[in-house]
Amino acid sequence: MPYFDAASAAPLHPVARQALLAALDEGWADPARLYREGRQARLLLDAAREAAAEAVGCRADELVFTPSGTRALHSAVSGAAAGRRRVGRRLVVSAVEHSAVLHTAEAVPGAETVQVGVDRTGRVRPADFAAALAGEGRPRTGPESGGGGTALAALQSANHEVGTVQPVTEVADLCRAAGVPLLVDAAQSLAWGPVEGAWSLLAASAHKWGGPPGVGLLAVRKGTRYAPQEPADERESGRSPGFQNLPAIVAAAASLRAVRAEAAAEAARLSVLVDRIRAAVPRLVPDVEVVGHDRLRLPHLVTFSCLYVDGEALLTGLDRAGFSVSSGSSCTSSTLTPSHVLKAMGVLSEGNVRVSLPAGTSAADVDRFLDALPEVVEQVRAQLGAPTAVRGAAVGAGDDDAAEVEQAGVEAAEAETPRTDAPEVATEGLLVDSLGKRCPIPVIELAKVIGDVPVGGLVTVLSDDEAARLDIPAWCEMRAQEYVGERPAERGVAYLVRRRG
């Protein structure tokens with residue numbers, strides 16, 4: 001069964017397994033003790049720290065091991081904010097950071113969080129980051145800082161949901177010029193290479209590169225003001241209290257070195273497979289949006305969203321077909337809240353699939369996935385009563401021709417679909433009541449009635465699902481209709497759409 005969710009957890013690397021088993025025999029003692037077994041454990045810990053620091057690009061005494069990458073991010077944000085509290089309370093973060101960064105920033109006492117927006121590819125503009133560092137108007141949360149300075153900036157090296165690589169080097173230079181430390185979440189990119197630029201703090205997680213779970217790392221470069229917020233402890237320079245899981249740490253460092261040695265060749269090979277998926281999915285499945293940057297991206301990850309599809313049903317269908325994939329937001333997929341990353345990008349959130357290929361994925365596995373995907377999507381759409389397009393109509397056709405064929409198929413299906421719940425005729429067009437219904441149902445109901453109004457006519461969709469605020473405008477963009485906007489309603493929100501053609 002092909003496993004395509006390496007961005008959540010990569011399979012354990014063979015080197016990690018070997019190192020873990022060996023360290024269980026040799027590294028079980030307390031590395032803080034002076035007797036023989038303690039000295040042996042200390043040698044293993046020091047060697048692991050040296051190897052990890054070399055991969056990160058920092059000094060060994062700047063790096064500590066933590067119980068997880070999430071814990072490393074929590075410590076980095078809280079420790080740096082506390083260390084620079086006299087400078088100011090402003091925390092500048094990108095809107096697509098991992099939830100661990102966003103939640104910790106919100107929890108810092110008295111902090112004012114400024115979120116820097118991204119474009120539709122999920123990439124920040126360095127100029128926007130510079131403006132936020134200077135305290136210029138940006139979306140904020142938390143109390144006002146009274147004009148104080150910026151305590152910390154945070155920018156991930158690559159996004160965990162869509163794979164877009166961020167301009168860390170440029171932003172790091174801006175932060176250095178402004179005298180602000182930059183925290184980099186390198187969890188998704190560290191396996192592929194070190195993070196370039198003058199960053200001040202860096203966090204990562206071993207299970208993302210094929211190491212064992214339960215090991216993170218935090219690097220704090222010399223000269224960075226940092227005040228640990230955990231209770232005092234003599235281990236890991238006081239920055240990560242508790243007895244170290246030495247066998248797992250040894251395995252994490254050994255596997256990081258191993259994957260780095262394979263990274264260039266594997267990145268080139270997987271990038272070809274991802275390019276194949278990016279090109280094939282829109283041809284094979286109608287009404288699909290591939291999201292994320294097409295060039296500045298991780299080599300193994302691709303994300304796409306399917307109109308008229310429930311994401312959970314789609315992932316379940318693919319699992320039954322033998323493919324392990326995830327939603328674009330592995331950390332929020334258990335909630336009913338739309339992905340904050342996709343929301344910040346302004347792209348479709350419904351029917352979202354993230355494919356992240358582990359090392360060793362074969363072209364045959366990818367081809368089998370592409371063969372299975374159209375039928376699974378078609379089945380899910382049929383279960384939801386969604387409009388249907390001519391399957392495979394876009395294959396071999398030009399973009400304009402394909403769009404016309406698909407639009408014709410959708411309109412024909414809409415005309416033939418019997419409706420027992422005809423929408424109310426409002427004075428300004430049609431009113432679709434989708435209150436109490438989860439996306440993609442509001443979008444499906446909109447698609448079914450858009451042809452019932454004349455060109456220039458309005459359809460108003462009432463919905464109390466937060467995802468509709470993202471998915472209805474995205475549907476308009478994909479179907480060449482005009483999104484007029486939203487207005488308050490007695491219940492939920494009224495979304496206005498004007499028919500263009």
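**Helix α7 and its two partners**

Tutor: Helices α2 and α7 cross in a left-handed sense (the near helix is turned anticlockwise from the far one by less than a right angle; clockwise would be right-handed). The model is predicted, so local features need pLDDT of at least 70 and side-chain atom pairs pLDDT 80 or more, while totals for chains, interfaces and linings use all residues. Residues are numbered from 1 along each chain as its sequence is written, and side-chain values use heavy atoms, without hydrogens and water.

Helix α2 spans residues 36-56 (helices are DSSP runs of H or I, at least four residues, numbered from the N terminus). Its axis lies 9 Å from that of α7, at an angle of about 35° (lines fitted to C-alpha atoms over the stretch in contact, with angles from 0 to 180 degrees between N-to-C directions). From α2, Ala41, Leu44, Leu45, Ala48, Ala51, Ala52, Glu54 and Ala55 meet Leu246, Ile249, Val250, Ala253, Leu256, Arg257 and Arg260 of α7 (heavy atoms within 4.5 Å). This contact consists of twelve nonpolar and three charged residues, with no polar ones (nonpolar: Ala, Val, Leu, Ile, Met, Phe, Trp, Tyr, Cys and Pro; charged: Asp, Glu, Lys and Arg; polar: the others, Gly among them).

Helix α7 also packs against α10, residues 363-384, where the axes come within 10 Å and cross at roughly 15°. These two helices are therefore roughly parallel (under 35 degrees), and their crossing is right-handed. Here α7 contributes Leu273, Arg276, Ile277, Ala280, Val281 and Leu284, while α10 supplies Ala363, Val366, Asp367, Leu370, Leu373 and Pro374. Ten residues of this contact are nonpolar, two are charged and none is polar.

Notes:
Angles under 35 degrees count as roughly parallel, over 145 as roughly antiparallel, 65 to 115 as roughly perpendicular and the rest as oblique.
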